[in-house]
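Please look over the sequence and the structure shown here before reading on. The briefing is meant for a reader who is meeting this model for the first time.

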Amino acid sequence: MLIETRPYKKLHFGISLGLTVFYSSAVVVIPLLGLFFHSLGIGVSGILEVFADERIRSALFLSFSVGFISAIINLFVGFLFAWVLVRYNFPFKKLLDTLIDLPFTLPTAVAGIALTTIYSQNGIIGSYFEPWGIKIAYTPIGIVIALVFIGFPFVVRTVQPVIEELPKELEESARCLGATPFQTFYKVLLPELWPSLLAGTGMAFARSIGEYGSVVFISGNIPGKTEILPLLIVTKLEQYEYQKATSIALVMLLTSFVFMFLINLLQERASKKLS
Amino acid sequence: MKIDTRNPNLKSTISAILCIFLSVMSFSSLASEGTFLHVSFDPTRELYEEINKAFLKEWKSKKGNDFAIQQSHGGSGKQARAVIDGLDADVVSLALSYDIDSISTKSGLIEANWQKKLPNNSVPYYSTIVFLVRKSNPKKIKDWDDIVKPGVAIITPNPKTSGGARWNYLAAYGFAKRKYKSDEKATEFVKALFKNTSVLDTGARGSTTTFVQRGIGDVLITWENEAKLSLDEEKRSGKNTLEVVYPSESIKAETPVAVVTKTAKEKGNLEKATAYLEFLYTKEGQSIIAKHFFRPTDAAVTKSSAKEFPNIKLFSLSDLGETWESAQKKHFADAGVFDAIYKTP
C-alpha cells in the first residue's frame, strides 16, 4: 500500500512557486533593481561625491550610531519582556502581550508625535528632566527613544518562541548538578537563546536605520546635529534630485545588508556550536 | 456545473485566478477615468472643500450635470512629484510657482506659459509671512530685526523639505536685503535667524504644533492664514495664549494654480478644469478664499475683508530681483546659501 504523507501535487508547487516569484519580483526585486540602476546613472564617482558632503556623512554617522544604540537597548529590553511574558503568570498578561505588537501596527508618525508630546520640555516626562537641564525631544536621546519604541517588538517576537521551546529539564539538571542561577542562565540558557537574540536585534537595527516617520517629529532635524539619513533622502527628492536620493538609499541598503549578513554569519556560528 | 471545492486542485486554481484577477483590477483602477482630481498643498484642504461645493452648485445650474471633485493634499513638492510621476491631476494648486514649473519642464503635462493663462499671473490668492508669539509678547518682538537677537528661540520649518518654509526664508532674506542693500548682509541675517532655530520641522503644520502644543520657542515664523487658523482654534477651545505680530515688511507669498492641460484633455475634463480655476476669481470664490484667511486678489473683496488683513508693506520675489528658479538655485539647492549656513559653525 502506498502511503501518501503529504497530499500535495506537483501542480500545486508550480502555481505557488509561480505566484511567489511573481509577487516577490513585482514588490521587492524589480523596485530594488530600479533603485540600483537609477543611482548608477551618476556613476560610482558621483555616488562617492554625494558622500563627500559633510552633512551627509554626519547624518550617516548619526543614523548608524543611534540605530546601534537603540538596537543594543532593544536587545536587553526585548529579552526581558520576552522572558517575563513566557516565564511568569500575572494579571493582564494577555493584554501586555498584545500591546507589544502595537509599534508594528501604529503609523510611525503617530508614535513620533505621541513620543514628542511626552518627552518635550512641557510634556509629562520631559518636564521632569527639564530642571536638570536634560533635553530629550529634539536631541539624539529623543531619536534613540523613538527607535527603541519601533524596534523592540522585533526582539520580543523572535526570542519569545525560543524561550517557550526551552525544555524545563535543561535548567533543572543544571541546578541539580550544582550550577548557580547565574551559571545556569549564562552557560546553559544563553547559548540556546543567542541566535534568536542576534536575529531580533539585527532586524531592530535594520529597521532603525530606515525609520523616518517617527524620528522626524522628535529629532528637530538640525543639519549636522539631529538630521538622519532618511530625511536627507526626502530633502533630495524635494529638490527633484532623484539620483542623489537613490544613491543615498543605495548606500544605506548596502551597509544594512552587510550588517545583516554579518549578523547572520554570527547567528549561524552560534547555532552550529549548539548542535 | 457543480464546483467541488473539496478538490484541492481546483481550489488552488481558483485562488490563483482570483489572485491574478485582483492584481490586474488594482492596476487598472489606477488609471482612473471619469474622475476630476485636484492636487493641492496642505493648508488648503478646508478651503477647497467649500470651493468645490460652491463651484459644483454653479456648474449644475449652468450645465445641468453633476460630477465629483476629488482632492489630494500633501506637501507642495511631494504633490508636484506625484503629478510628474503620473498622478492623474486635472488641476494643481501649489505653494510655489517653482513646483508647477517643475511639473511643466519635467513632464510636459503643463505648458511652459501656464502663468499667462489666468488673471494675475495665475495667482488667485496669496498670503504673507507673519510672526506668532506668546500672549503679551514677552520678548517684545515687533519686526524681523528683533527675532535674530541672541536669546530669542525661533521655530520655522525646514526650507529643504517644505515649500512654505522657503517663503519664510525668503521673507527674512528679502527684508534684510532691502534694508541693508547687500546680499552679504542678508545672508548674515538668515544665518543669525537659523542660529536661533532649534527645531526644523519637515512641514509648516509640524512647526505650528511644535510652537503651539509643545510650547517650544518664542516666535513662530508662519503664513498669515496658518497664524489666523491657530488663533481661531484657540478661540474655539477657550484658550488665549497667542498673538499675531505683523512685521514692518514681508513677502507676498504667491500661490499659483494651473490646469494640467494634457491630462485634463485626455480625460475630457478641460472645460471643467478651466471653469473650476476661473471660479476662483469670481466674487463668490474670492469671498470663500478670504473666509479661509488667504488674501483675495479681487479689489472689491479685498476692500470688504480689509479688517481681516492688515495693510502691511509687501514685496514680491521679483522685487528682490529673483525668479523662483534663481532663488532655488542660489538658496536651497545643494551647496546653496542654506547649506552654507550649517556648514560653518
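This is a predicted model: local features need pLDDT of at least 70, side-chain atom pairs count only at pLDDT 80 or more; totals for chains, interfaces and linings use all residues.

What follows describes the two chains, the interface between them, and one residue in its surroundings.

Chain A has 13 helices and zero strands, whereas the secondary structure of chain B comes to 16 helices and twelve strands. The two chains bury about 3000 Å² between them, with 53% of that area on carbon and sulfur atoms.

**Chain A as a whole**

- Read from the N terminus on, the elements of chain A run α-α-α-α-α-α-α-α-α-α-α-α-α, and the C-alpha trace of this chain spans about 65 × 65 × 35 Å along its principal axes.
- Of the 275 residues in chain A, 41% are buried.
- When contacts in chain A between residues at least 6 apart in sequence are considered, 74% of them join residues at least 24 apart.

**What the UniProt record says about chain A**

- An unreviewed UniProt entry lists "domain: ABC transmembrane type-1" for residues 60-263 of chain A; in the model this span is 77% helix and 0% strand, and its end C-alpha atoms lie 20 Å apart.
- The feature "transmembrane region", also from an unreviewed UniProt entry, is placed at residues 20-48, 60-86, 106-129, 136-156 and 245-266 of chain A.
- Residues 106-129 of chain A are 67% helix and 0% strand, with end C-alpha atoms 27 Å apart, while residues 136-156 of chain A are 81% helix and 0% strand, with end C-alpha atoms 25 Å apart.

**Chain B as a whole**

- Buried residues account for 52% of the 345 residues in chain B.
- Among the contacts in chain B that link residues at least 6 apart in sequence, 73% join residues at least 24 apart.

**The interface between chain A and chain B**

- At this interface, 32 residues of chain A are in contact with 38 residues of chain B, and on the chain A side A:Tyr138, A:Glu238 and A:Tyr240 lose the most area to chain B, together 25% of what that side buries.
- Five salt bridges are counted between the two chains, including the one that A:Arg55 forms with B:Asp339, in which the closest N and O atoms are 2.5 Å apart.
- Twelve residue pairs are found in polar contact across the interface, with both residues at pLDDT 80 or more.
- On the side of chain A that touches chain B, the elements that give two or more residues are helix H1 (10-40), helix H6 (108-119), helix H12 (229-238) and helix H13 (242-274) of chain A, and the largest share, six residues, comes from H12(A).
- The residues of that side of chain A divide into 15 nonpolar, ten polar and seven charged.

- Apart from neighbours within four places in sequence, A:Phe149 is in contact with A:Pro103, A:Leu106, A:Ala111 and A:Leu115.
- A:Phe149 and A:Ser70 are 79 residues apart in sequence, and their C-alpha atoms are 8.9 Å apart in space.

Technical notes: Residues are numbered from 1 along each chain as its sequence is written. Chains are lettered from A and ligands numbered from 1 in the order in which they are written. Side-chain values use heavy atoms; hydrogens and water are left out. Contact means heavy atoms within 4.5 Å. Buried area is the accessible area (1.4 Å probe) that two parts lose on being put together, summed over both. A salt bridge is a side-chain nitrogen of Lys or Arg within 4 Å of a carboxyl oxygen of Asp or Glu. A polar contact is a pair of N or O atoms within 3.5 Å; within protein, one must be able to donate a hydrogen and the other to accept it, and residues adjacent in sequence count only if both atoms are side-chain atoms. Helices (H or I, at least four residues) and strands (E, at least two) are DSSP runs, numbered from the N terminus. Ala, Val, Leu, Ile, Met, Phe, Trp, Tyr, Cys and Pro count as nonpolar, Asp, Glu, Lys and Arg as charged, and the others, Gly among them, as polar. UniProt positions are given in the numbering used here, feature names are shortened, and annotations may be inferred rather than shown by experiment. Buried means under 20% relative accessible area, exposed over 50%, partly exposed in between (1.4 Å probe, protein chains only).
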